[in-house]
Amino acid sequence: MSSVIASTRFSVLDRSRTREGQDASEALRATVELAREAESLGFHRFWVSEHHGVPGVAGSAPTVLAAAVASATSAIRVGTGGVMLPNHRPLVVAEQFGVLASLFPGRIDMGLGRSVGFTDGVRRALGHGKEDAEDFPGRLKELLGWIDGTQKAHPGVRARPAEGLDVPAYVLAVGEGASVAAAAGLPLVIGDLRGREKVLRAVEVYRRDFRPSARAERPEVIVAGTVAVAESEEAARRLLVPEAWAMAYARTRGEFPPLAPADRVEALTMTAKERTLYERGLDGHIHGTEEQVAARLERAIEETGADEVLVTTSTYDREALVGSLRGLARIARLPERTGRPAASRSGEAR
């Protein structure tokens, strides 16, 4: 194993994707089970996401799901990738993370994003518009103020039990979001690895403009993306097929579908546009045998200077997904965890 990979943390984000023939409850339980697998394999953290009104995604309440994940595990860090701050009042978000951090001290991460709803209808139902994303820096400052006890906008109001707790915050960003993370002095989570040039530009801006803060003395970069490991490059590529088709379907029909088996997707008759989008969705991901993935990961880490890789792989075959994580754990020589210490014990360093 290279020294580059050895010095890098590896973590997992699961979007609670639904699968053909399965309902949302099965998808959410599968996320919890995947977290247990990730913990046993030695991954650093496990995050869940926020999506509203998306047919193919069950995870609409990330802090609730994070509580279930933290309850089912005992050492791995647990958090959100992320809570979409424009959709929520900062005080409520602070309270939610305060509860999580009180129940699971030393294990909770607060990943925050600026996206709003998937469609106009969802945004109206949430009571927000696209313009609300522009106030992300202000909402972020207010949220951190509630936790640090420094907010002045609402005299006499305090976020309980959040105020004074150590809740690490991370900014999820694409492009301009890197400047927000830099100005706030927070770690940056950026993806995906396919758009390498765009990621490199954003990371450069982040490092250049970073202002040390009480939360982070130096820039910290977490790069997110799909990593698929299998016995052959072709088998690894087939892990990418269900998500590539789901994205092509969504972009041509306006609806994100449950994941379909790779065999069925490969047998489909696609329109020219669908085929183009589908093939594009397969390109650029880090995938292959353990040896191939190790080489490609090393290059990606060297280019981005990443402190951590957040694996976001989604596929229909859960067994193959777990196998891919096992392969990645072998590549990184992650320390397997045995036994289950008391849930109240603190986890690893952030």
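Colleague: At what angle do helix 8 and helix 12 pack?

Modeller: Helix 8 (residues 196-209) and helix 12 (residues 290-304) pack at about 35°. Their axes are 10 Å apart. Bear in mind that this is a predicted model.

Colleague: Which residues of helix 8 meet helix 12?

Modeller: From helix 8 come Arg196, Val199, Leu200, Val203 and Arg207.

Colleague: Now strand 11. Which way do its side chains point?

Modeller: The general idea comes first. Side chains in a regular strand alternate between the two faces of the sheet. Now the case here. Strand 11 covers residues 308-311. Glu308 and Leu310 point one way, Val309 and Val311 the other way. All four are buried.

Colleague: In which sense does strand 11 pair with strand 1?

Modeller: Parallel, over four bridges. Serine 11 has leucine 310 of strand 11 as its bridge partner. Strand 8 (residues 221-225) also pairs with strand 11 in the parallel sense, over four bridges. There, isoleucine 222 stands opposite glutamate 308.

Colleague: Which residues line the largest cavity?

Modeller: Val12, Leu13, Asp14, Leu34, Val311, Thr313, Leu321 and Leu325. Strand 1 (9-14) and helix 13 (318-332) each supply at least two lining residues. Strand 1 gives the most, with three. By class, the lining has six nonpolar, one polar and one charged residues.

Colleague: And the pockets? How much space lies in the second largest pocket?

Modeller: About 340 Å³. It is lined by 19 residues. Closest to the centre of this pocket are Ala230, Ala235, Leu239, Asp317 and Ala320.

Colleague: Which helix gives the most to the lining of that pocket?

Modeller: Helix 13, with five residues. Helix 9 (233-253), helix 10 (262-266) and helix 13 each supply at least two. The class count for this lining is nine nonpolar, four polar and six charged residues.

Colleague: Where does helix 13 turn up, then?

Modeller: In two linings discussed here. Helix 13 supplies residues to the largest cavity and to the second largest pocket.

Methods:
Residues numbered from 1 in each chain as written. Predicted model: local features only at pLDDT ≥ 70, side-chain atom pairs only at ≥ 80, totals over all residues. Heavy atoms only, no water. Axes fitted to C-alpha atoms, helices over the stretch in contact; angles between N-to-C directions. Contact = heavy atoms within 4.5 Å. 1 Å grid on protein atoms, 1.4 Å probe; cavity = no way out; pocket = protein on both sides within 12 Å on 5 of 7 lines; lining within 4 Å. Nonpolar A, V, L, I, M, F, W, Y, C, P; charged D, E, K, R; others polar. Buried < 20%, exposed > 50% of the residue type's maximum accessible area, 1.4 Å probe, protein only. Pairing = 2+ DSSP bridges. Points joined across faces, edges and corners; volume = space filled by probe spheres on them.
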